[in-house]
2 protein chains.
Amino acid sequence: MKPRPLSYQEENYLKAVLKISEGRGKKDAGILELSRALGVKPPTAHQMLKKLKEKKLVLFEKYGKVMLSAGGRKAAMALVRKHRIWETFLHDVLKFSWDEVHELAEYLEHIPSDEIINRLEKLLGNPKFDPHGDPIPDVGGNVRPAFRKTLSMGTPGRNYHLVAVSDSHQSLLQFMSKYNLKINDKIKYVSELGLDGMGVIRVRNKNITVGSTFMHEVKVVCEQCMKKCKCPDEVWCVV
Amino acid sequence: MKPRPLSYQEENYLKAVLKISEGRGKKDAGILELSRALGVKPPTAHQMLKKLKEKKLVLFEKYGKVMLSAGGRKAAMALVRKHRIWETFLHDVLKFSWDEVHELAEYLEHIPSDEIINRLEKLLGNPKFDPHGDPIPDVGGNVRPAFRKTLSMGTPGRNYHLVAVSDSHQSLLQFMSKYNLKINDKIKYVSELGLDGMGVIRVRNKNITVGSTFMHEVKVVCEQCMKKCKCPDEVWCVV
DNA sequence: ATTAAATGTTAGATAAACCTAACATTACAA
DNA sequence: TTGTAATGTTAGGTTTATCTAACATTTAAT
Ligand SMILES: [Mn+2]
Ligand SMILES: [Mn+2]
Ligand SMILES: [Mn+2]
Ligand SMILES: [Mn+2]
């Protein structure tokens, strides 16, 4: 077995930098955020990031923030592509539920083969989105920009399309299964409750009271924007 | 991500002990053989085997040979099952050729999920053999005993069924593709050439001269034994 | 029975990825 | 503007899996 170009952990760190630095309007990542996301202590993340800087995969100055280099971004995107194609395979072909696929894909994404991924993609009919509604990068690492906001950023009274959910929040995913909420459902943001960030939504003529996690993790696009995005508060999310 | 019960390498060592100790009539494995099979130096293998002995996965006395404990054998068999089911998936569903699947399965076999394997098995129609003709252990880790010998152990003049090939010998697998030789082909062992272990076989009314690797790596069952195995020189192979 | 070759063991070193404890810098709020 | 909280850095240690060099035992051939 030939040595991998990047270690298992190097890949995970690059993916974490991508997720944090390009999430909800941000453009760089701090060591502390990274260490939390990766479940390690700050000095561990710091050491790894210094190594990735040596390898020219990240841009990172002393006491500064971290960004991906072109090469680092390409590697991270390749990982996201693998992750989402595996999730789609597990969901569509092996019939795992959407709260089960993320954890398994965390392992499968590190299998060092682009060819498996390309063949799976074809087998699945070239899907553009994974089971959680997140866009699947193409072979070149490009994602079609996905504009969306969290429900908590929405305006009570308006109609939205539920386009994506957090892929790693098990209990949220199970809550949604229970109420039969799915990607692409039309939902109305009825009202804010003003208590613990809760709110009320209306789906298929039934009101559902949802909690703070739902409000912050579920991503929506407002009806007008389905055709032409122009709301200033909808953010491009890669991950 | 929860810690694995066994590390990636511990799994590989157990599989190597299984392959060597239960291959062609043997019942234990030496440190030197193991180190060669694993591509490490003898002290490395020695150290790991001591650790596996602590964990009660192998039986191993000072200056003695290595055998699997019941627990170690179960873990090793689980790995072989995963390996062969992944190989079958890659071959049957993703259409990889039989010389490509082994290397990829070396990675996939370590994905820590029994459920993926069970669902793949069902998807594939509960196959009993992998693309190289090797038997797939069931959920309990049992393999149906497979009696077979190498062509070099055969008798010139007799008819055989080609039942299995080495899964890791790329050039042999490519040679066989070239001559359109497949699992389950009926072949006649025409003659021994007495030079470099070469021989001549006859398949579909055409003679093919084959080399030493072919003679030693291709496994066959003689026609009579297809129904009832009784040749004393046919050996039970798990791996 | 002796000796040489093959095989196995020990000791000590290294690299990767993690840790804790202590220290340094930056950000921001009073 | 200055002090505290948040964030980042350094130093030094641990574990796992690897290595080399030296030594010990077993096996097999003379
Ligand atoms: Mn995911
Ligand atoms: Mn996803
Ligand atoms: Mn194989
Ligand atoms: Mn095989």
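Donors are N, O and S atoms within 2.8 Å of the metal (3.2 Å for Na, K and Ca), and sites may look incomplete, as water is not among the atoms. The model is predicted: local features need pLDDT of at least 70 and side-chain atom pairs count only at pLDDT 80 or more, while totals for chains, interfaces and linings use all residues. Side-chain values use heavy atoms, without hydrogens and water; residues are numbered from 1 along each chain as its sequence is written, with chains lettered from A and ligands numbered from 1 in the order in which they are written.

- B:Glu87 lies in helix H4 (residues 70-92) of chain B and B:Asp167 in the loop between strand E4 (159-164) and helix H7 (170-178) of chain B, so the pair ties together parts that are 80 residues apart in sequence. Helices (H or I, at least four residues) and strands (E, at least two) are DSSP runs, numbered from the N terminus.
- B:Glu87 also bridges the manganese ion (ligand 3) and the manganese ion (ligand 4), which are 3.5 Å apart.
- Both B:Glu87 and B:Asp167 are buried (under 20% relative accessible area, with exposed over 50% and partly exposed in between; 1.4 Å probe, protein chains only).

**Surface near DNA strand C**

- DNA strand C is surrounded by 20 residues, the closest being A:Thr44, A:Lys51, B:Leu32, B:His46 and B:Tyr63; a residue is near a strand if one of its heavy atoms lies within 4 Å of it.
- Of the atoms of DNA strand C that come within 4 Å of the protein, 75% belong to sugar and phosphate.
- Phosphate oxygens of DNA strand C lie 2.6 Å from a backbone N or O atom of B:Leu32 and 3.1 Å from a polar side-chain atom of B:Lys62.
- H3(A) contributes the most to this surface, with four residues.

**B:Leu173**

- B:Leu173 is located in helix H7 of chain B and is buried, with a relative accessible area of 0%.

How values were computed
A polar contact is a pair of N or O atoms within 3.5 Å; within protein, one must be able to donate a hydrogen and the other to accept it, and residues adjacent in sequence count only if both atoms are side-chain atoms.
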